[in-house]
Structure formats: structure tokens, C-alpha cells
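Subject: Structure handover

Hello,

Here is the structure I said I would pass on. My notes on chain B follow below it.

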Amino acid sequence: MEQLVESIAERVVNLVLDAIDINAIVSQVDMDALLAKVDVDAIVSKVDVDSLIDRVDVQKIIDRVDVDEIVNRVDVDQIVARVDVEAIIERVDVQAIIERVDVEQVIQRVDIDKLVEQTELGTIIAHSTSGVASEVLDVVRAQGVGLDDFVARWVNRVLRRSSEDWPPGPAKLVNPPVPVPALPLEATA
Amino acid sequence: MSTPPVTAAPPEAGRQGHYAGGVTRLVAFAADVGASWGIFTLALAGLSFAINLVTGNQVNLGSRQILALAGLVIWEFIYFAYQWSLGGKTIGMAVLGIRVVGRDGDAITPRQAIIRTITLPLSFLLFGLGFLGILLHKDRHAWHDRLARTVVVYSWDARAARLRWLAKQEPATPA
């Protein structure tokens, strides 16, 4: 008996569904009005976001991202051009940076002897306190160098030779001329 | 044949490390001879005075020629060898802004300083023929330089001197 009722009910439902035009009904429904009645916030509040995130395999997503390609697509120049460097500099507390620098340590790393030897800093400092002496020294030395050149030029003339290709001094003391790199074509054009 | 000009102001190009010329070296050597002889004479006079003071006898060490000559030779050796081994320059060289270095530019060793001092008189032989190399050779070495494997270079910073010289010049008045 029960099976008979179920089969009849199933048959009736199928007949009704066949008779109904679902599309026609849906077209008559005002979806906007329906959605307006839905409380989305209430639905979202019921979702356990943490649980949802726990189920997401973030590592797998990251592995699938081609970071290099993304970076290549970024126009760094354009980003830098939009940066207000002046504003950034103004926000930097230079004094605080200087206070954090261990000046003593920096000075200890400087080879003072070499610095003085190469720049004649010591001589300059000494000269600054003895103006007349330094002036006399400079004049005597300059005259000496001038006479050296004078004599060398005369010797070269008498011997009919050129000393232009001679080394000016020991290799370790005389800096070789730094070769100037060729300019790119667009720069020379 | 026109006369090449003599530079009056400090040269524009820096000369540190360049081979020093003959005139500067000659003047520096003359200054060293004067300084060393002056110090020796003063020391001799001081020593004579001290002996007179202590013994009461009039002693003039300068009149004892062999002793004075031996003392002078030893003193000259110490004067040059010690100063060259210490910093590569003597008093005269420091004044003229030159110094002795090894051929490759390294600091002179005490051994090189001693060899250079001992062989220095050799360059005076045959009317100073040994010094001719300062004018003729490309690394401007004399005989004693060759034997000690040394060269003499400018240690004077001409650029700094030129800046000082320019700073002291009167500014040009606009026409």
C-alpha cells in the first residue's frame, strides 16, 4: 500500500514538473528585490573564515605563482619616478643616523699613515701654521722642478730624442691613465 | 733654436712618484753636504769645548786631520745611511721634496740604504761621470742608484703647492 502511494506521488510530481515552465517563473522573479532582502552580513558572519583559510593550501598557491614573471612586468623606473625622494629625505633623521655611527671605529679603520703619505696632508697642516716657510719651500721646490724640466728638455734637444714614451716613475707610484669607455652610439649621435 | 721656458709657479700636474730631475737632486745633495758638515763641525767644536772644560787642556780636534777625516767619513755614512733607511730621505731631500725608493716604488730597505751610501762616492769618480745617468737614462739613475737598485722620485705634491700658490695670488681685476 505504502509503495503504491509513493509511486503515485512520484508520478504526480513528475507530471506537475513537466507542466511547469521554470524559466517563465524565474523570469518573473525580481532578483534585485530578492537580493535586497538577503542579509549578506548575517550570512558572512556565520562563515567560519579561519576554518576556511585552514583548508586552503597557501603554499601550493604560492608555488604556482611565477614571481619572476610578475617582477619582470613591474616597471620599476615608473615606480621610482613616482617616488618623492625629497620628501623621503626630509623624513630621514640624519642626526639619528650619525649618532648611531661608531665614528671611532671608522677612524680606526683609516690608514692615517698612508693617507698622510699619499695626500701630504701632514705637510699641508704643517704649512698652514707656517705660511712664510711653506711659501719658501713651495718656491724652492717649484724652481727645482722647473729647472729639472728645463734641463731635461735641453738634453733631449741636444741628443735629438723624445722622452714622451718614457715612464714618468716607478709603476707602483705612478697611476696608469684610466681608459675612457667608448660612448654608446645614441649618446654620440 | 728657442729657449725652453723655466716654470716659475708650481707645476699644474702632480709630480708625486715621478723620477726626480738632476737639478733638484744636486741642490738636495748640496744642502745635505752643508747640513752634515755643519752638524759635524758643531759637534767637533762642542766636543773640544767639553774636553777643555773637563780636563782644562786646550784641545782642538779639528786640527787632528786624520782623526777628523775618519770621524767625518763615519759621520757622513751614518748621516746618509740612517736617514735613507729610516724614511728614504735626508734633510736636503726633504726640503727639496724628493725621496729614494726601490726600483718598483717600494720603500727602500736598510740594506739598500747602506749599499747606496757606500757606493755614492763611486759616482764622483771620473769627474762625476756616474751622475750622467740622471740626465741620460729613462729612470734617471746614477751609478750608486744602479748598484743599490734604487731611484729618486718627487715626494712633493705639486698640486697642493699650486693650490696654495693660487690662493695667495691677487684676484684679477675685471677690465
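In chain B, strand β1 (residues 98–102) pairs with strand β2 (residues 150–154) in the antiparallel sense, over five bridges. Please keep in mind that this is a predicted model. Within that pairing, Gly102(B) stands opposite Thr150(B) of β2(B). Strand β1(B) is mostly covered, with five of its five residues buried.

Arg149(B) is in the loop between α7 and β2 of chain B, and its phi is near 55°, a positive value in a residue other than glycine. Arg140(B) also has a positive phi, about 50°, and is not a glycine. Arg140(B) sits in the loop that runs between α6 (133–136) and α7 (143–148) of chain B.

The other item is a pair of helices. The axes of α1 (residues 22–55) and α2 (residues 65–87) of chain B come within 10 Å and cross at roughly 130°. Because of that angle, α1(B) counts as oblique to α2(B). The crossing in which α1(B) passes α2(B) is right-handed.

On the α1(B) side, the residues that meet α2(B) include Phe29(B), Asp32(B), Trp37(B), Phe40(B) and Leu44(B). Their counterparts in α2(B) include Gly71(B), Leu72(B), Trp75(B), Glu76(B) and Phe80(B). Sorted by class, the contact between the two helices has eleven nonpolar, two polar and two charged residues.

Regards

Note on methods. Residues are numbered from 1 along each chain as its sequence is written. Chains are lettered from A and ligands numbered from 1 in the order in which they are written. This is a predicted model: local features need pLDDT of at least 70, side-chain atom pairs count only at pLDDT 80 or more; totals for chains, interfaces and linings use all residues. Side-chain values use heavy atoms; hydrogens and water are left out. Axes are lines fitted to C-alpha atoms, for helices over the stretch in contact, and angles run from 0 to 180 degrees between N-to-C directions. Helices (H or I, at least four residues) and strands (E, at least two) are DSSP runs, numbered from the N terminus. Angles under 35 degrees count as roughly parallel, over 145 as roughly antiparallel, 65 to 115 as roughly perpendicular and the rest as oblique. A crossing is left-handed if the near helix is turned anticlockwise from the far one by less than a right angle, and right-handed if clockwise. Contact means heavy atoms within 4.5 Å. Ala, Val, Leu, Ile, Met, Phe, Trp, Tyr, Cys and Pro count as nonpolar, Asp, Glu, Lys and Arg as charged, and the others, Gly among them, as polar. Buried means under 20% relative accessible area, exposed over 50%, partly exposed in between (1.4 Å probe, protein chains only). Two strands pair if DSSP finds at least two bridges between them.
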